[in-house]
Structure formats: C-alpha cells, structure tokens
Amino acid sequence: MGDWWQALTGDLQIFYAIAFISSFFLLVQIALLAFGIGADVDIGDDDPSSGFLSIRTLTAFSFAFGWTGVLMKQADRSTALSVGVAIAAGLAVFLAVGFLWRSFAKLGESGSIDYQSAVGVHGTVYLTVAANRSKPGKVEVMVQGRLRVINALTESDESLPAQTAITVVGVVDPSTVLVAPH
C-alpha cells in the first residue's frame, strides 16, 4: 500500500485522503442510522430541521468532493479543473442531502392525538360500549383525518353493541371519548 500511495501525485493524495476519511464517516453515519442512532449536529443553529450546515451535509460534500477529484485526476484532467468539478459535485450533493433531511424533519409527527377534534364526529361501535360508563368499549371514528379505533364510554342507559352508529359528544381523558347513539 505504501508504494501505491507514494506513487500518487500530491493533489491525488489529497483527493484520496478526503475521499477515504469522508467514506469512513459516511459508513459510520449509515451504521448509526441502521441502529436508530441517527442524531445529527447542526452547526450554528439550535433547530436541526432548519439549517443545511451539519455533520451529515459536510460529510456528503467531502465524500462527493474527494471521489470526484479522484476520478477527474485519474482521467488526466488538470488540478484546477478537477478541483472546480469536485467543488460543484460536492455542493450539489451537499444541497441534495440538506434538502432531503430537511424534508424528512418536516415529516415527523408529535404523536399526540387531540381527541377534542373528534367531538361531533359520527362513527361506529367496534367493541360493545357498556351502559352508564360501567365498562369501556371501542369505537371507530375519524380523528385528525385518520380512521382510528379508540376507547369509549357512554352515559346511555343501554349498552351500545358493535356496529351501532354513534356520535362523539365529549372527551373523558386523553385516550377515551364519550359517545352517544346516533
């Protein structure tokens, strides 16, 4: 390996060094993502979804810059042309990764469902809801644009069997709604 390295010109050694180091960091990032440890550090900003300058985007830039420079030099291009094309490729990948991860950040949900938005919505009993709040059942209703099966109680004097049409009339707690026959 030492003979191969020594045979390289100085500019090609720099391109290879950048390519090898950034490839290592890229593989580490991929491995961490595979194990669910995909944290990134934004440089100069507190909101990770707002900026482009991060460890992830800098690694992407360096990876594209290094390998593009290697390919250009191996094609016997001048150092100035190789650096220019490598910078252009690095910036393109930098921006692509930045936009991609910024888009991913916008896809995240808080996970909290506001059952208050279901009040007044019609649905169907899924599992029998016992009379007078004696035992919860389950109902199917549209909540925040999605059909959900949620816990339900009723103040009705009669139990509400499966397939009964209901209306959500209130919220009992963060995971249970109050329903009435429709």
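Analyst: In this predicted model, buried means under 20% relative accessible area, and exposed means over 50%.

User: Is Thr68 buried or exposed?
Analyst: Thr68 lies in helix 3, residues 55-74. Its relative accessibility is 18%. The cut-off for buried is under 20%. Thr68 therefore counts as buried.

User: Which residues does Thr68 touch, leaving out those up to four places away in sequence?
Analyst: Thr68 sits in helix 3. Neighbours up to four places away in sequence are not counted. That leaves Val85, Ala86 and Ala89.

User: In what order do the strands of the closed barrel run?
Analyst: The barrel has five strands, with mixed pairing. From one strand to the next, the twist averages 55°. The order is 1-2-3-5-4.

User: How many bridges join strand 1 to strand 4?
Analyst: Strand 1 spans residues 122-127 and strand 4 spans residues 165-173. The two run antiparallel. Gly123 has Ile166 as its bridge partner in strand 4. The number of bridges joining these strands is three.

User: Which residue in strand 2 stands opposite Leu127?
Analyst: Strand 2 covers residues 137-143. It pairs with strand 1 in the antiparallel sense over four bridges. Opposite Leu127 stands Lys138.

User: Do strand 3 and strand 5 pair in the parallel or antiparallel sense?
Analyst: Strand 3 holds residues 146-154, and strand 5 holds residues 176-181. Four bridges link them. Leu153 stands opposite Leu178 in strand 5. The sense of this pairing is parallel.

Note on methods
Residues numbered from 1 in each chain as written. Predicted model: local features only at pLDDT ≥ 70, side-chain atom pairs only at ≥ 80, totals over all residues. Heavy atoms only, no water. Buried < 20%, exposed > 50% of the residue type's maximum accessible area, 1.4 Å probe, protein only. Contact = heavy atoms within 4.5 Å. Pairing = 2+ DSSP bridges. Axes fitted to C-alpha atoms, helices over the stretch in contact; angles between N-to-C directions.
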